[in-house]
Amino acid sequence: MQVPLWLALIVVGYLGVKLIRPPAWLVAALLLSGFLLADSVLAPAIDSLLK
């Protein structure tokens, strides 16, 4: 069974917020920092580090 990545991320994110109940500012900070890092000069270094 193949599940699209965006669907898996939505499900995991929803369950994480419902079960762990992190503060809204922490969720916003993680989303914003991930978005900004993905478009920065550090993206290739992070990509190679994660592989």
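Colleague: What share of the 51 residues of the protein counts as buried?

Modeller: The share is 0% of the 51 residues, where buried means under 20% relative accessible area, exposed over 50% and partly exposed in between, with a 1.4 Å probe and protein chains only. This is a predicted model, in which local features need pLDDT of at least 70 and side-chain atom pairs pLDDT 80 or more, while totals for chains, interfaces and linings use all residues. Residues are numbered from 1 along each chain as its sequence is written, and side-chain values use heavy atoms, leaving out hydrogens and water.

Colleague: What makes V27 buried, partly exposed or exposed?

Modeller: V27 has a relative accessible area of 28%, so it is partly exposed. This residue is found in helix α2.

Colleague: How do you know that the length of α1 agrees with that of a helix?

Modeller: The expected span is 1.5 Å times one less than the number of residues. For the 16 residues of α1 (residues 5-20) that gives 22 Å, and the end C-alpha atoms are 22 Å apart, so the two agree.

Colleague: What comes after α1, and what is its phi?

Modeller: R21 follows α1, with a positive phi near 55 degrees. R21 has this positive value although it is not a glycine. R21 belongs to the loop between α1 and α2 (24-38), and its relative accessible area of 62% makes it exposed.

Colleague: How many helices and strands does the protein have?

Modeller: There are three helices and zero strands, read along the sequence as α-α-α. Helices (H or I, at least four residues) and strands (E, at least two) are DSSP runs, numbered from the N terminus. The segment after α3 (43-50) holds K51, which is exposed at 79% relative accessible area. K51 and V17 are 34 residues apart in sequence, and their C-alpha atoms are 27 Å apart.

Colleague: How does the radius of gyration of the protein stand against that of a compact globule of 51 residues?

Modeller: The protein has 13 Å, but a compact globule of 51 residues would have a value near 10 Å. The radius is taken over C-alpha atoms, and the globule rule is 2.2 Å times the number of residues to the power 0.38. Along the principal axes, the C-alpha atoms fill a box of roughly 35 × 35 × 15 Å.

Colleague: What part of the accessible surface belongs to carbon and sulfur atoms?

Modeller: Carbon and sulfur hold 77% of a surface of about 4900 Å², computed by the Shrake-Rupley method with a 1.4 Å probe.

Colleague: Which classes of residue make up the lining of the largest pocket?

Modeller: The lining has five nonpolar, two polar and no charged residues; Gly counts as polar, while Val, Leu, Ile and Pro are among the nonpolar ones. The residues are L9, V12, G13, G16, V17, I20 and P22. About 180 Å³ of space lies in this pocket. A pocket is an open set of points on a 1 Å grid, reached by a 1.4 Å probe, with protein on both sides within 12 Å along at least five of seven lines, and lining residues have an atom within 4 Å of a point.

How values were computed:
Grid points are joined across faces, edges and corners, and a volume is the space filled by probe spheres set on the points.
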